[in-house]
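Subject: Structure handover

Hello,

Please find the structure below, with the sequence. My notes on what was found in it follow.

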There are 2 protein chains.
Amino acid sequence: MMRNIKLLIAYDGTSFSGWQKQKNADTIQQEIETALTRITNAAVTLHGAGRTDAGVHARGMTASFQTQSAIPLFQLQKGLNSMLPFSIRIMDAEEMEMNFHARFSARAKTYHYSFDTGPVQSPLSRLYSVHISHPLNLANMQECLDFICCTHDFASFEATGSRDRTIPGGRGSIRTLSRAELTQRGENSYRFTFTGDGFLRHMVRNIVGTVLDTGRGKTTVAEFREIVRKKDRSCAGATAPAHGLVLHKVYY
Amino acid sequence: MMRNIKLLIAYDGTSFSGWQKQKNADTIQQEIETALTRITNAAVTLHGAGRTDAGVHARGMTASFQTQSAIPLFQLQKGLNSMLPFSIRIMDAEEMEMNFHARFSARAKTYHYSFDTGPVQSPLSRLYSVHISHPLNLANMQECLDFICCTHDFASFEATGSRDRTIPGGRGSIRTLSRAELTQRGENSYRFTFTGDGFLRHMVRNIVGTVLDTGRGKTTVAEFREIVRKKDRSCAGATAPAHGLVLHKVYY
């Protein structure tokens, strides 16, 4: 009997070339598919809720696959964790209806982006947090976040060349952010939280890079709003580094 | 003119053979001494506030050294950080009186020891936190901590063969803990905090290993008290793994 299984996956993306399978590169999808194929004795295609770029981490990535294998869930999870490197862990495995698909059934996602301030970054956070040594105006940054926290055309924050714009229909680059916050976590430690119904390629990292420009006074809040309205990637700030980003949760 | 300089040092101990210089091994003391010798153009001996074992981390290690060099402090710090690997950072540099010594002037230290519970550990905390998969009785653990939080002979928690016991005088294995606490930091994430006027070799890791035995019901709180009273290392629990331990602060 065919089964449809959802995996909850956490990974340290430091030494991977991202989620998606590709030739001659270590990817998380490839590692898990290889282990699944060994465990179930059949070729398995794993559908992730989305792709994460090289160096990006996950606490709550989800993926689904179909299998004829009768292996109990706890044994599947245990088997995968015994084969996978410690930088990838299967946190949970769940039996789903056959029409569930990790990507197409997803309603929303939450991403975290962490950074440290102060003159020198602690080596204990260097793998999961970006270092910003210049002073930041946090109130201005929160104002930018308040502005984008609703439905917008986020074209200014979409990686160039990442989508075939000639395809008719679809929602284009319009997305809805229901949460865009900046919170302090420690003396010199901060975190952005973004929840949205979908994210364009590099969208979080491009928003973070552009909001940080306002934080350090390179642009004003009014200019930030103008950048969003222009729907032009070339107006926005640089893409923030990958290692500050964590896919925190996928909602169904 | 001779100067006496104190460094505040943070490091990720994952890939080091501990603090103290030794032949054919990467140590934190060696890395910093080599960089200091290059910067000041003279052999430098660096005195750490204490030693940390292989794999142990630090957020607030201190060390002092004397030099004839006239290099300004900010330039010394910047120069060191440009030469050192990113896993070691000089967080601060300070001019001290000539009679200051990082080890002999230290009045107290605080250590943190972190662990995660739950069936599977997140890969994002695996480098700095130990995974305990069995259920723990946290109230019993706190009772153990309350008991040791004062002046005791901590011989039961001292690494065997770590001290020449024939040396007359000195305080032997008597130490005073002014703080011994267990706090929850996240859903499955906990931290011990120990502050004391001095720590014997492996003392924190041996206390943690023995308290965890009580947490999982291998020993009772009464038996834990008995273990302390016996002053016999062979009665206590196993030494907890190095990577959960962080030297948090040294007090002067």
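A residue is called buried if its relative accessible area is under 20%, exposed if it is over 50%, and partly exposed in between, using a 1.4 Å probe and protein chains only. This is a predicted model, in which local features need pLDDT of at least 70 and side-chain atom pairs count only at pLDDT 80 or more, while totals for chains, interfaces and linings use all residues. Residues are numbered from 1 along each chain as its sequence is written, chains are lettered from A and ligands numbered from 1 in the order in which they are written, and side-chain values use heavy atoms, leaving out hydrogens and water.

Aromatic rings

Rings of Phe, Tyr and Trp (its six-membered ring) pair if their centres lie within 6.5 Å; the pair is stacked if the planes are under 30 degrees apart, edge-to-face if over 60, and tilted otherwise. Over all chains, this gives 17 aromatic pairs. One of them is Phe192(A) with Phe194(A), a stacked pair with 5.8 Å from centre to centre and 15° between the planes. In chain B, Phe192(B) and Phe194(B) also count as stacked, because their ring centres are 5.8 Å apart and their planes are at 15°. Phe192(A) is buried, at 0% relative accessible area, and Phe194(A) is buried at 0% too. Phe192(B) and Phe194(B) are both buried. Ring pairs join these two residues of chain B to Tyr113(B), Phe115(B) and Tyr190(B) in a cluster.

Helices (H or I, at least four residues) and strands (E, at least two) are DSSP runs, numbered from the N terminus. Contact means heavy atoms within 4.5 Å.

Tyr113(A) lies in strand E5 (residues 108-116) of chain A and is buried, with a relative accessible area of 1%. Setting aside neighbours within four places in sequence, its contacts include Tyr190(A), Phe192(A), Arg205(A) and Pro241(A). Tyr113(A) and Val246(A) are 133 residues apart along the chain, yet their C-alpha atoms are separated by 6.3 Å.

Which strand holds Ala58(A)? Ala58(A) is in strand E3 (residues 57-67) of chain A, and it is buried at 0% relative accessible area. Val246(A) is 188 residues from Ala58(A) in sequence, but the C-alpha to C-alpha distance is 4.9 Å. Not counting residues up to four places away in sequence, Ala58(A) touches several residues, among them Ile9(A), Val246(A) and Leu124(B).

Helices

In H4(A), 13 of 13 residues are buried. Gly217(A), which follows H4(A), has a positive phi near 85°.

In chain B, helix H4 (residues 203-215) packs against helix H5 (residues 221-230) at about 155°, with axes 9 Å apart. Axes are lines fitted to C-alpha atoms, for helices over the stretch in contact, and angles run from 0 to 180 degrees between N-to-C directions. H4(B) is therefore roughly antiparallel to H5(B); angles over 145 degrees count as such, under 35 as roughly parallel, 65 to 115 as roughly perpendicular and the rest as oblique. The contact involves Thr210(B), Val211(B) and Thr214(B) of H4(B), with Val221(B), Phe224(B) and Ile227(B) of H5(B).

Regards
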